[in-house]
Amino acid sequence: MARLPIVTLPDPVLRQVSAAIERVDPDLLKLADDMLETMYAAPGIGLAAIQVGVPRRLLVLDVAGDDEPRQPMTFINPEIVSLGSEKRVYEEGCLSIPDVRVEIERPAALTVRYTDRDGVRRELTADGLLATAIQHEMDHLDGRLIIDFLSRLKRDIVVRKFKKVARG
Ligand code: NI
């Protein structure tokens, strides 16, 4: 496994819409493993392929607590089947936007359909942190970021700050 560089704001790659994955092959599984290693090292609880510069509909997650065994999850071509009506607010961070946290209200539960590492189409119903993390990572697949939930003024301030840092 290898640790990959994480793409950060304001890199326009983050705004790209990721393409569907045609087949699950060893190269794809290696990418998923590398993404998991990158996520654990960061450390983070989720990572989408676009965040390592690969515009494919792949994401990895592990929402296990610090004192729990690892529970790595890989989602290929995930699709929302249904969203719960109840909402929940979490303060979300993003490995592509270091040190920024945004309070976001999202559906508290969902059912997602995805392809697993064996190429099998599955469904998962989730709530709590996992439901939030899945929605956050799926946003990445469509080029959407947590700063999009801010007012335009606040978003511009964040983007300006990251542009300044990128210029050195
Ligand atoms: Ni993120």
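**The nickel site and beyond**

Modeller: Along the chain, the donors of the nickel ion follow the spacing C-x41-H-x3-H. Keep in mind that this is a predicted model.

Colleague: Which protein atoms are the donors of the nickel ion, and what makes them donors?

Modeller: They are Cys94 (SG), His136 (NE2) and His140 (NE2), lying 2.1 to 2.3 Å from the ion. The cut-off for a donor is 2.8 Å, so these atoms qualify. Water is not among the atoms, so the site may look incomplete.

Colleague: Why say that Cys94 and His136 tie parts together?

Modeller: Cys94 lies in the loop between strand 4 (87-92) and strand 5, and His136 lies in helix 2. The two are 42 residues apart in sequence, so the pair ties those parts together. Both Cys94 and His136 are buried.

Colleague: Now the charged pairs. Why is the contact between Asp33 and Arg117 called a salt bridge?

Modeller: Side chains of opposite charge can pair when their charged atoms come close. The N to O distance between Asp33 and Arg117 is 3.0 Å. The limit is 4 Å, so the pair counts as a salt bridge. Asp33 sits in helix 1 (residues 26-41), and Arg117 in the loop between strand 6 (109-115) and strand 7 (121-127). They are 84 residues apart, and the pair links distant parts of the chain.

Colleague: What does the salt bridge between Arg106 and Asp139 tie together?

Modeller: The distance there is 3.0 Å, N to O. Arg106 lies in strand 5 (residues 102-107) and Asp139 in helix 2 (residues 128-141), so parts that are 33 residues apart in sequence are tied together. Arg106 is buried, as is Asp139.

Colleague: How many salt bridges does the count come to?

Modeller: The count is 13.

Colleague: What makes the contact between Thr111 and Thr125 a polar contact?

Modeller: Their side chains come to 2.9 Å. The limit is 3.5 Å, so the distance meets the rule. Thr111 is in strand 6. At 12% relative accessibility, under the 20% cut-off, Thr111 counts as buried. Thr111 also touches other residues, including Ile80, Val81 and Leu124.

Colleague: Now the whole protein. Which pattern does it follow along the sequence?

Modeller: The pattern is α-β-β-β-β-β-β-β-α-α. That comes to three helices and seven strands.

Colleague: Why is the protein called as compact as a globular protein of that length?

Modeller: Its radius of gyration is 16 Å. The globule rule gives 15 Å for 168 residues, and the two values are close, so the description holds. Buried residues make up 42% of the 168 residues. Among contacts between residues at least 6 apart in sequence, 64% join residues at least 24 apart.

Conventions:
Residues numbered from 1 in each chain as written. Predicted model: local features only at pLDDT ≥ 70, side-chain atom pairs only at ≥ 80, totals over all residues. Heavy atoms only, no water. Salt bridge = Lys/Arg side-chain N within 4 Å of Asp/Glu carboxyl O. Helix = DSSP H or I, 4+ residues; strand = E, 2+ residues; numbered from the N terminus. Buried < 20%, exposed > 50% of the residue type's maximum accessible area, 1.4 Å probe, protein only. Donors = N, O, S within 2.8 Å, 3.2 Å for Na, K, Ca; no water. Rg over C-alpha atoms; globule rule 2.2 N^0.38 Å. Contact = heavy atoms within 4.5 Å. Polar contact = N/O pair within 3.5 Å; in protein donor to acceptor, adjacent residues only side chain to side chain. Lists of a residue's contacts leave out its neighbours within four places in sequence.
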